[in-house]
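Subject: Structure handover

Hello,

Here is the structure I promised to pass on. Please open it alongside this email.

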Amino acid sequence: MTQIRPASSEQPWAAPEEEPIVRIDKVTKTFGSTYAVDEISLNIHRGEFFSLLGASGCGKTTLLRMLGGFETPTSGRIYIDGQDVTDVPPYLRPINMMFQSYALFPHMNVAQNIAFGLKQERMPSALIRERVAEVMALVQIEKLATRKPHQLSGGQRQRVALARALAKQPKILLLDEPLGALDKKLREHTQFELVNIQERLGITFIIVTHDQEEAMTMSSRIALMHDGRIEQVDAPRRMYEFPATRYAASFIGSVNLFNGHVMSHDNDMVLIHSDEAGSDLLVHHSQPLNPGMEVTVAIRPEKIAVRDHHSEDPNSIHGVIQEIAYLGDVSIYHVELPSGKRVQFTQSNVLALAEQPLTWGQEVALTWNAYSCGVLTQ
Amino acid sequence: MNDWLLQLNNRIRTLVPGKGLIVGAPWFWLALFFVLPFLFVLKISLAEPQLAQPPYQDWIREIEDGLITIKLNFGNYAMLWEDELYRDALWGSFEIAAISTFFCLLIGYPMAYAIALSPTHWRMPLLMLVILPFWTSFLIRVYAWIGILKNNGLLNHFLMSIGLIDQPLEILHTPTAVYIGVVYSYLPFLVLPLYATLVRLDNTLLEAAADLGARPWKQFLKITLPQSVPGILAGSMLVFIPVMGEFVIPDLLGGPDTLMIGKLMWTEFFSNKDWPLASALASVLLVVLIIPFVLMRHYEQKAAEELK
């Protein structure tokens with residue numbers, strides 16, 4: 001997984017004294033008897049590229065629509081730049097949204113679409129023309145100014161929608177699955193561009209996506225949502241390396257989970273016995289855990305190494321290779337442990353056409369580092 | 001093997017003129033029930049009237065063996081142009097049709113919009129209410145308006161009983177009565193196509209407009225209204241064109257000064273027995289009405305392309 005964003009030392013969310021640009025305070029939204037959003041509180045800071053990530057139906061779009069003003073929270077308040085906007089209609093919010101369907105006005109050409117928001121502000125027409133030209137240059141659609149939406153390709157429409165949403169220079173830009181309708185190549189290219197534009201303009205971006213790779217690539221922080229609640233809010237790297245819950249661990253990337261119970265905990269090292277793993281597991285963990293507690297150990301497939309022979313040390317397991325998936329750059333191996341538990345691990349295919357040392361039916365011994373795995377209690 | 005099947009398929013297709021039949025059916029229909037009768041009318045319009053049966057002289061006549069004379073009479077068209085009565089009638093029809101269409105829009109647009117915005121399960125019953133008057137004969141409904149509008153009719157009774165007026169209002173046999181009758185009768189023709197357009201409009205476009213700072217009224221003016229132009233045009237044509245030739249409503253509800261081309265045509269045909277003149281009138285009316293129709297088709301096609 002690539003990360004476009006440089007690991008910046010600026011972490012506005014780590015400075016609690018600063019007023020966040022968006023403050024969501026115990027917001028709940030119900031449709032009939034279903035809870036689309038269930039008492040969510042969340043702070044988003046100035047200049048962030050913030051992702052609401054989750055499977056469909058997790059409430060991420062409803063939360064975004066409440067920020068835009070298209071849905072009213074059943075309870076709770078929303079503050080933008082310190083001002084309570086919970087009951088403010090969309091046309092008075094300093095926010096713009098890029099819709100999933102793009103929602104371009106079919107009876108207006110590209111320039112008119114982009115100018116629409118500025119005209120509502122009664123901006124002088126010379127200034128409008130200037131601003132429209134500016135944003136069209138920003139997203140590189142200068143040549144399309146007089147085209148109608150039906151004369152544009154999907155990628156061009158996406159750019160027009162982005163330009164239209166940026167034209168008013170909002171404090172916050174909401175993007176609902178902005179890349180969902182593009183093909184894979186174009187999507188990857190556009191990811192870089194979105195991040196560049198966001199960094200150039202310094203506008204806070206809040207994006208809704210179901211694509212974990214997209215969220216990992218672009219975001220400064222991700223809020224992982226599940227069943228109308230937030231599972232975890234973290235920077236992409238922390239989200240991947242230190243998932244807070246079993247759901248977070250399995251939603252982002254692949255993971256092997258071993259259930260077990262705590263045997264001892266000292267010097268930030270937890271010793272866990274797991275019948276599933278058939279071994280004692282040693283994990284680095286700084287929060288105190290009580291002996292006997294039921295926990296889950298999470299280990300990513302790429303962090304598992306093959307060793308020559310099995311030993312009785314902690315973090316040592318062995319099993320038989322059942323399946324091999326060759327993906328080109330890596331191969332994924334499925335191993336069945338004596339307990340019947342299946343474990344995945346990956347190996348980089350360093351040598352082309354190298355004699356594969358691992359094959360079906362082979363017995364392998366595996367191990368990993370105590371600092372490469374995590375303990376999950378939820 | 002596949003190629004062979006494909007060739008056979010193509011061969012069968014060219015042999016069976018199924019596609020041609022389907023495409024040709026509406027043309028055949030149009031030719032049989034529109035072009036042909038119109039040619040008859042056109043032919044009669046170029047003839048001379050006479051006191052006989054039929055009441056016109058055919059302009060293709062066989063004088064002696066095999067000798068045919070063709071004597072076209074453009075006098076009817078000249079008369080339509082010269083006599084002010086016909087021009088006034090055409091103008092009168094145009095005025096009534098245009099003003100009625102405007103009032104139909106004024107009343108029908110909010111109706112169509114309200115139905116399109118109502119919850120899905122309410123739409124069908126509401127549309128049924130719009131169509132319901134068609135269950136009763138048109139003639140009876142127009143007659144019913146006489147009962148409502150006449151001096152000692154329902155409306156005047158009601159207005160006097162609540163003390164709003166002491167003298168009955170003179171409505172029947174005035175242009176007002178014609179407008180009331182026309183707007184009432186033709187309103188559904190406008191509401192239905194307009195509803196069909198409005199219900200298809202994408203609600204996200206309004207959200208996008210709101211997001212960009214447009215207040216509700218601006219959203220309607222800049223997004224809904226321009227996008228509903230095809231429906232407005234279709235509905236307006238469905239009102240305007242038949243009202244231009246309307247005869248029953250001005251005859252029953254209008255007064256002696258209500259001059260409309262349909263009424264005039266009836267007089268020429270049945271009272272004056274001047275078929276050629278009446279036919280000329282009908283031909284002119286058709287040409288006048290084809291112009292806005294062609295314009296509308298052109299606009300509709302453009303709009304359809306944009307919505308694609």
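This is a predicted model: local features need pLDDT of at least 70, side-chain atom pairs count only at pLDDT 80 or more; totals for chains, interfaces and linings use all residues.

**Chain A overall**

Chain A has 378 residues, and buried ones make up 39% of them. Its C-alpha atoms fill a box of roughly 80 × 50 × 40 Å along the principal axes. The chain holds 8 helices and 20 strands. I also looked at contacts between residues at least 6 apart in sequence. Of these contacts in chain A, 64% join residues at least 24 apart.

**Two domains**

Chain A splits into domain 1 (15–247) and domain 2 (254–376). Their C-alpha centres lie 39 Å apart. How many residues does each domain give to the contact between them? Domain 1 of chain A gives 4, and domain 2 of chain A gives 5. On the domain 1 side, the residues by class are 2 nonpolar, 1 polar and 1 charged.

**Helix H5 of chain A**

This helix covers residues 184–201 of chain A.

Which residues of H5(A) are buried? They are Thr190(A), Gln191(A), Leu194(A) and Gln198(A). An α-helix has 3.6 residues a turn, so residues three or four places apart point the same way. Keep that in mind when you look at the numbering of Thr190(A), Gln191(A), Leu194(A) and Gln198(A), the buried set.

What do these buried residues pack against? Their partners in chain A are strand E3 (49–53), strand E8 (204–209) and helix H6 (212–218). Just after H5(A) comes Gly202(A), which takes a positive phi of about 70°.

**Chain A against chain B**

The contact between the chains takes 19 residues from chain A and 18 from chain B. On the chain A side, strand E6 (95–98) and helix H2 (110–120) each supply at least two residues. H2(A) gives the largest share of that side, 3 residues. By class, the chain A side has 9 nonpolar, 7 polar and 3 charged residues.

Over to you.

Best wishes

Note on methods:
Residues are numbered from 1 along each chain as its sequence is written. Chains are lettered from A and ligands numbered from 1 in the order in which they are written. Helices (H or I, at least four residues) and strands (E, at least two) are DSSP runs, numbered from the N terminus. The expected span of a helix is 1.5 Å times one less than its number of residues. A residue is buried if 20 or more other C-beta atoms lie within 10 Å of its own, exposed if 12 or fewer, and partly exposed in between; C-beta atoms are placed from the backbone. Two residues are in contact if their C-beta atoms, placed from the backbone, lie within 7 Å. Domain bounds come from an automatic or database domain assignment. Ala, Val, Leu, Ile, Met, Phe, Trp, Tyr, Cys and Pro count as nonpolar, Asp, Glu, Lys and Arg as charged, and the others, Gly among them, as polar.
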